[in-house]
Structures are given as C-alpha cells and as structure tokens.
Amino acid sequence: MTRTPRLLIAAYLLLSLATLVAAYLLRHHADLVNDAVWVRATIVVASAAVCNWLAARGDVKRLRIIAIVMTVAIAVIVSVPLPFPLWLKLEQIACGLLLIGVVLTLRGGQPAKGGADDVGLGRVPERRQ
C-alpha cells in the first residue's frame, strides 16, 4: 500500500475525532447536536479506527470494502433532509471525499485475467517487445 491512502485514512480518523469533540462541545445546543449526531459520529470514529488498523496491516481488500460502504452511507446521509444538521452533513462530505480518495489510490492485490486490476478499472498491461 502506498503512502497516499494511509495519509487519507489518518485524515479521516482525525476529522472523525474532531467531529466527536465538536459534538461534545455543542451538546447543549439541541438544534446542532441530536441523538442522530451522536450515533453517526460514533460509527464514523469506529469505522475510521478500523480503517486505520487495516491500513497498518496492509489489508487492502477489507479496507476498500469499508471505504466503499462508508462512502455509500455518507451519500445517503447527505441526501436525506433530516435528522442531521448542516454542519454534520458538511463534515460527512469531507469524510466521503477522503474515502473516495482512499478507494482511488489503493492498489489491488493480484491482477485479474486480461490485466484489469481487482477494482474493475481496466488497466492495460504494457506490451513487451
């Protein structure tokens, strides 16, 4: 695994932790921090910690799966009108962009037949002469 996805995952973890701290600091403002914020922030911190652990182990396959699942979940959260406040949706967009970067920069394990990598992005093998 290259350095770029590891840095993106570290940024994802830091942003997730900062969000949990922000929720704590804003806990007395019911319009800014509701139960959904607490649940979502906790889930995101947990997934970021797991991603960090997988990156440290070099487990590209599982890391890619979690990054894709979390990105889809973020897209749903950003698109629904309630119960998440705007500040959390903006943070989730930032997390989603980091995770998209992770997925795009991960190198797969063994290439599939025909030279395509295991993400399905048809990488053409170099011709030998």
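Reply: From the N terminus on, the elements of the protein run α-α-α-α, where helices (H or I, at least four residues) and strands (E, at least two) are DSSP runs numbered from the N terminus. This is a predicted model, in which local features need pLDDT of at least 70 and side-chain atom pairs count only at pLDDT 80 or more, while totals for chains, interfaces and linings use all residues. Residues are numbered from 1 along each chain as its sequence is written, and side-chain values use heavy atoms, with hydrogens and water left out.

Me: How many residues of the protein are there, and what percentage of them count as buried?
Reply: Buried means under 20% relative accessible area, exposed means over 50%, and partly exposed lies in between (1.4 Å probe, protein chains only). By that rule, among the 129 residues of the protein, the buried share is 35%.

Me: Which elements cover the buried residues of H1?
Reply: The buried residues of H1 are Pro5, Leu8, Ile9, Tyr12, Leu13, Ser16, Thr19 and Ala23. Contact means heavy atoms within 4.5 Å, and what covers these residues includes H2, H3 and H4.

Me: Which residues touch the most other members of the largest nonpolar core?
Reply: A nonpolar core is a set of buried Ala, Val, Leu, Ile, Met, Phe, Trp, Tyr and Cys residues joined through side-chain atoms within 4.5 Å. The largest one has 20 residues, and those touching the most other members are Ile9, Tyr12, Leu63, Leu99 and Val102. The elements that give two or more residues to this core are helix H1 (3-25), helix H2 (35-57), H3 and H4.

Me: Is Ser47 buried or exposed, and which residues does Ser47 touch?
Reply: Ser47 lies in helix H2, and Ser47 is buried because its relative accessible area is 9%. Leaving aside residues up to four places away in sequence, the residues that Ser47 touches are Tyr12 and Met70.

Me: With which residue does Arg62 form a salt bridge?
Reply: A salt bridge is a side-chain nitrogen of Lys or Arg within 4 Å of a carboxyl oxygen of Asp or Glu, and the structure holds one. The closest N and O atoms are 2.9 Å apart, and the partner of Arg62 is Asp59.

Me: Which residue does a cis peptide bond join to Leu82?
Reply: The residue in question is found in the loop between helix H3 (60-79) and helix H4 (86-105). Omega is about 0° for this bond, and the residue joined to Leu82 is Pro83.

Me: How much accessible area do the residues of the nonpolar patch on the surface have together?
Reply: Patches are made of residues with over 30% relative accessible area and no salt bridge, with like charges joined within 9 Å and nonpolar side chains (Val, Leu, Ile, Met, Phe, Trp, Tyr) within 5 Å. Accessible areas come from the Shrake-Rupley method with a 1.4 Å probe, and for residues only the protein chains shown count as cover. The patch is formed by Leu86, Leu90, Ile93, Leu97, Ile100 and Leu104, and their accessible area together is about 610 Å².
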